[in-house]
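The following exercises, each with a worked solution, concern one protein chain. Please examine the sequence and the structure before reading the solutions.

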Amino acid sequence: MQIENSLCDYDAVEAINLEMRGLLDNLVQQKYFKFYKLNLYGTCPFWTENHLCMNKDCGVAVVDEKTIPEEWTSAALGAISSPMGGKHFQPFQSCNLKDQDFCQVDDEAISEGVYVDLMENPERFTGYSGPSAAKVWDAIYNENCFNVAQKMQLAADCEQCSLDREAVEEDLAETVQNAAVSGISFAQNPLSLEVGHTGHGHGHQDKPKQGAGLGDDTSPFVDPAMNLLAAGAAAQEEEMCLEKRVFYRMISGLHASISIHICDEYFNQTSGVWGPNLECFVSRVGAHPDRLENIFFDYSILVRAVTKLSGYLRDYEFCTGNPDEDAKVKAMVDKLIAVSNKSPAIFDEKAMFVGPGAQALKLEFRDHFRNITKIMDCVGCEKCRLWGKVQTSGLGTALKVLFSYNDEHLNPIKHPNLLQRTEIVALFNTLNRVSESVASIARFRTLYMEQHGLP
Ligand code: FAD
């Protein structure tokens, strides 16, 4: 299946990313893309006790609305009754959760929202950890228990999920042991499993290339002892249908990407210096081939969404309140689209939600993803919450583009309100974060080689 096989083409992803890196980096510094409005102080809808991180690095500097283009501000939006800023420009209309939305979109017109300059609040090490962070991650992974977790009843359902997970883990331990006895290495390619496949004896085409440093037996990051973990993930995936695996990989990829940013911009409390922390990277991500691969997986989904949006974005008016700046942003987006269109089709959304029960599964998938975006209000560190919200919205927007609309819908002239500015901003900033993670992997690989005297 393409979704599975394509993931092994790391060289293609890294090559595309090389071309995209500079473009994305420039784009997210533009006014249109760096100001993001969100409800930063929402209450956690799932549990009451919430420990707030009081470190100064957890804080977020909020922007004074006076520095925001007038057209975006709540006062102006409240007054708007007709399109402005261009022939198809539609301001950010009040939006409730629509059927096609995969995430809770913080509307630009919400009164309780604040503007944040994403450039001024980089995602990096904040020191947020312990039971609060663990509880949020647990709740997020429990959303992968389809048919078990019920909307808004997370607490009880999570318990149930945890029980299921334990059972699966016991199963896994047995499977892994049996595999070891029969000389099977699951870690050969934890992603090569197809629906209903046992994972044994997969072809070499699915194996990451030598030197790619990802999931490869010769990878400097793959400690043989860690292969068991990959085996666990692989075997766990055998229990899941394609859609559930996709869901799991998306969140695991996001988690791994966040971990990479933490390790890449780490604060060494002894020396007081910020910088990359190789040990942090190896233990959290590098030693887990499945997590590395899931980052590439998220990258593939996001690039595919941008590619599918090409036509829509070409006709879209990026209103910043300044025609020169609008044109500059448009030219930048056009360049990015051109690169994404050159990329091989690495994610095929048409393979998903087909066959009996597809519609129900899609709704369930959507509802679970929406819950994840709501769980972000439970993150006890403002900056982590900010980036958690940006990135779950970005992935949610990608899912909306891939699964809620066909090419005909994606026409900004016929359907100008399909996407709000916040969704487009979230999509590109998320792609930028994941792209940065892909680039970091290569940097950490080099650092590892240097530190271990490897050629
Ligand atoms: P955690 O990262 O908390 O992981 C918990 C467990 O999940 C691990 O023990 C492991 O079993 C499993 N796991 C880990 N990674 C994966 C993966 N990729 N796939 C599958 N399973 C996995 N901290 C910051 O310093 N800066 C931030 O910007 C930041 N943003 C955050 C955003 C969110 C939404 C959340 C929930 C937390 C954030 N944190 C942030 C906290 C950070 O993610 C960790 O929780 C924290 O650093 C403690 O890490 P840990 O090593 O205990 O493991």
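**Exercise 1.** Classify Phe353 as buried, partly exposed or exposed, and describe its place in the chain and its backbone.

Solution. The model is a predicted one. Step one is the count: Phe353 has 18 other C-beta atoms within 10 Å. A residue is buried at 20 or more such atoms and exposed at 12 or fewer, so Phe353 is partly exposed. Step two is the location, which is the loop between helix H12 (323-342) and helix H13 (358-375). Step three is the backbone: Phe353 is not a glycine, yet its phi is positive, at about 55°.

**Exercise 2.** Apply the classification to Asp348, and state how far Asp348 lies from Ala358 in sequence and in space.

Solution. Asp348 also belongs to the loop between H12 and H13. Because 15 C-beta neighbours fall inside 10 Å, Asp348 counts as partly exposed. From Asp348 to Ala358 there are 10 residues in sequence, and the C-alpha atoms are 16 Å apart in space.

**Exercise 3.** Determine which residues Ala12 touches, leaving out those up to four places away in sequence.

Solution. Begin with the element: Ala12 is part of helix H2. Ala12 has 15 C-beta neighbours inside 10 Å and therefore counts as partly exposed. With residues up to four places away in sequence set aside, Ala12 touches Pro344 and Ile346. For Pro344, the separation along the chain is 332 residues, whereas the C-alpha atoms of Ala12 and Pro344 are separated by 7.7 Å.

**Exercise 4.** Describe the packing of H2 against H10 by angle, handedness and contact residues.

Solution. Two packed helices are described by the angle between their axes and the distance between the axes. For helix H2 (residues 10-27) and helix H10 (residues 289-308), the axes come within 11 Å and cross at roughly 60°. The helix H2 is therefore oblique to H10. As for handedness, H2 passes H10 in a left-handed crossing. On the side of H2 the contact is made by Tyr10, Val13 and Ile16, and on the side of H10 by Phe296, Tyr299, Ser300 and Val303.

**Exercise 5.** Carry out the analysis for H10 and H12.

Solution. The axes of H10 and H12 are 9 Å apart, and the helices pack at an angle of about 115°. H10 and H12 are therefore roughly perpendicular to each other. Their crossing is left-handed. H10 contributes Val303, Val306 and Thr307 to the contact, and H12 contributes Leu336, Ile337, Ser340 and Asn341. The residues of the contact of H10 with H12 divide into 4 nonpolar, 3 polar and no charged.

**Exercise 6.** Which members of the largest nonpolar core touch the most other members, and what are the contacts of Ala305?

Solution. In soluble globular proteins, nonpolar side chains tend to be buried together. The largest nonpolar core here has 90 residues, and those touching the most other members are Leu27, Tyr299, Leu302, Ala305, Ala398 and Phe428. Apart from neighbours within four places in sequence, Ala305 is in contact with Ala398, Val401, Leu402 and Leu427.

**Exercise 7.** Summarise the chain as a whole: how many helices and strands are there, and what percentage of residues is buried?

Solution. The chain has 15 helices and 5 strands. Its residues number 455, of which 45% count as buried. Of the contacts between residues at least 6 apart in sequence, 80% join residues at least 24 apart.

Notes:
Residues numbered from 1 in each chain as written. Predicted model: local features only at pLDDT ≥ 70, side-chain atom pairs only at ≥ 80, totals over all residues. Core = buried A, V, L, I, M, F, W, Y, C linked by C-beta atoms within 7 Å. Contact = placed C-beta atoms within 7 Å. Axes fitted to C-alpha atoms, helices over the stretch in contact; angles between N-to-C directions. Helix = DSSP H or I, 4+ residues; strand = E, 2+ residues; numbered from the N terminus. Parallel < 35°, antiparallel > 145°, perpendicular 65-115°, else oblique. Left-handed = near helix turned anticlockwise from the far one by under 90°. Nonpolar A, V, L, I, M, F, W, Y, C, P; charged D, E, K, R; others polar.
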